[in-house]
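Hi,

Here is the structure I promised to pass on.

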Amino acid sequence: MTEYCHIHIAAGVIRDRNGRMLLVRKEGTAAFMQPGGKIDEREDSVQALIRELDEELALTVAPAELTPLGIFEAPAANEPGHVVRATLFGLRIDETPMPRAEIAEAIWVDPKDPGGIVLAPLTRDHVLPMGLM
């Protein structure tokens, strides 16, 4: 039986008014995924996501703007042998995110047809099939 190390993250399923979904790619990686990141010991998942969205995309978000979507698990895109346990939140924005910190690229995609980009397992196997919002 294989034992996996779980990485606990909070991530945003961010949509714009046209229904497009925001995906990000970190420096030195190929897979696009939901923005977000690891939950620090001193944070809950809402606090972690708000911090990560500010750090990675210069987005200021209030807790009331986040809609809980559930907890999902998938193989980690960038850490072999690890599984992400993601607490997902929905969010709609009208502003243009500004990639910074470790984010190399932020793109808007049609969730029904994201094109030929490489997707993280969580995005591919859980987020896109939900057809959210």
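Let me start with the inside. The largest nonpolar core has 19 residues. By that I mean a set of buried Ala, Val, Leu, Ile, Met, Phe, Trp, Tyr and Cys residues joined through side-chain atoms within 4.5 Å. Buried is under 20% relative accessible area, exposed is over 50%, and partly exposed is in between, with a 1.4 Å probe and protein chains only. Inside this core, I9, M21, L23, V84, L88, L122 and V127 have the most contacts. At least two of its residues come from each of β1, β2 (21-26), β4 (67-75), β5 (82-92), β6 (103-109) and α2, and β1 gives the largest share, 4 residues. The element names follow DSSP runs, numbered from the N terminus: helices are H or I with at least four residues, strands are E with at least two.

A second, separate core has 18 residues, including V24, A31, L57 and V61.

Before going further, a word on the source. This is a predicted model, so local features need pLDDT of at least 70 and side-chain atom pairs count only at pLDDT 80 or more, while totals for chains, interfaces and linings use all residues. Residues are numbered from 1 along each chain as its sequence is written, and side-chain values use heavy atoms, with hydrogens and water left out.

Leaving out residues up to four places away in sequence, V84 touches I7, I9, F72, E73, A74, P75, A76 and L122; contact here means heavy atoms within 4.5 Å.

Next, the strands. β4 and β5 are antiparallel, with 8 bridges between them (two strands pair if DSSP finds at least two bridges between them). One of the bridges links P68 to F89 in β5. The hairpin of β4 and β5 has 6 residues between the strands, and G81 takes a positive phi near 80° there. β2 and β6 also run antiparallel, joined by 6 bridges, and K26 has I103 in β6 as its bridge partner. Of the 6 residues of β2, 5 are buried.

A10 sits in strand β1 and is buried, with a relative accessible area of 0%. What surrounds A10? Not counting residues up to four places away in sequence, A10 touches P35, G36, G37, I39, S45, A48, L49 and T87. The C-alpha atoms of A10 and L88 are separated by 6.0 Å, although the two are 78 residues apart along the chain.

Now α2. P121, L122, T123, V127 and L128 are its buried residues to look at, and the elements covering the buried residues of α2 include β1, β2, β4 and β5. H126 is also in helix α2, but counts as partly exposed at 25% relative accessibility. H126 and E27 are 99 residues apart in sequence and 23 Å apart in space, C-alpha to C-alpha.

Then there is the largest pocket, which holds about 370 Å³ of space. A pocket, on a 1 Å grid over the protein atoms alone, is an open set of points where a 1.4 Å probe fits, with protein on both sides within 12 Å along at least five of seven lines; lining residues have an atom within 4 Å of a point. The volume is the space filled by probe spheres set on the points, and grid points are joined across faces, edges and corners. The lining has 21 residues, and I9, K26, M33, N78 and V84 lie nearest the centre. β1 (5-15), β3 (36-38) and α2 (121-130) are the elements that give two or more residues to this lining, with the largest share, 4 residues, from β1. By class there are 11 nonpolar, 5 polar and 5 charged residues, where Ala, Val, Leu, Ile, Met, Phe, Trp, Tyr, Cys and Pro count as nonpolar, Asp, Glu, Lys and Arg as charged, and the others, Gly among them, as polar.

Most residues other than glycine have a negative phi. A58 is not a glycine, yet has a positive phi of about 55°; A58 lies in the loop between α1 (45-57) and β4 and is partly exposed, with a relative accessible area of 31%. A101, also not a glycine, has a positive phi of about 55°. A101 is in the loop between β5 and β6 and counts as exposed at 56% relative accessibility.

Cheers
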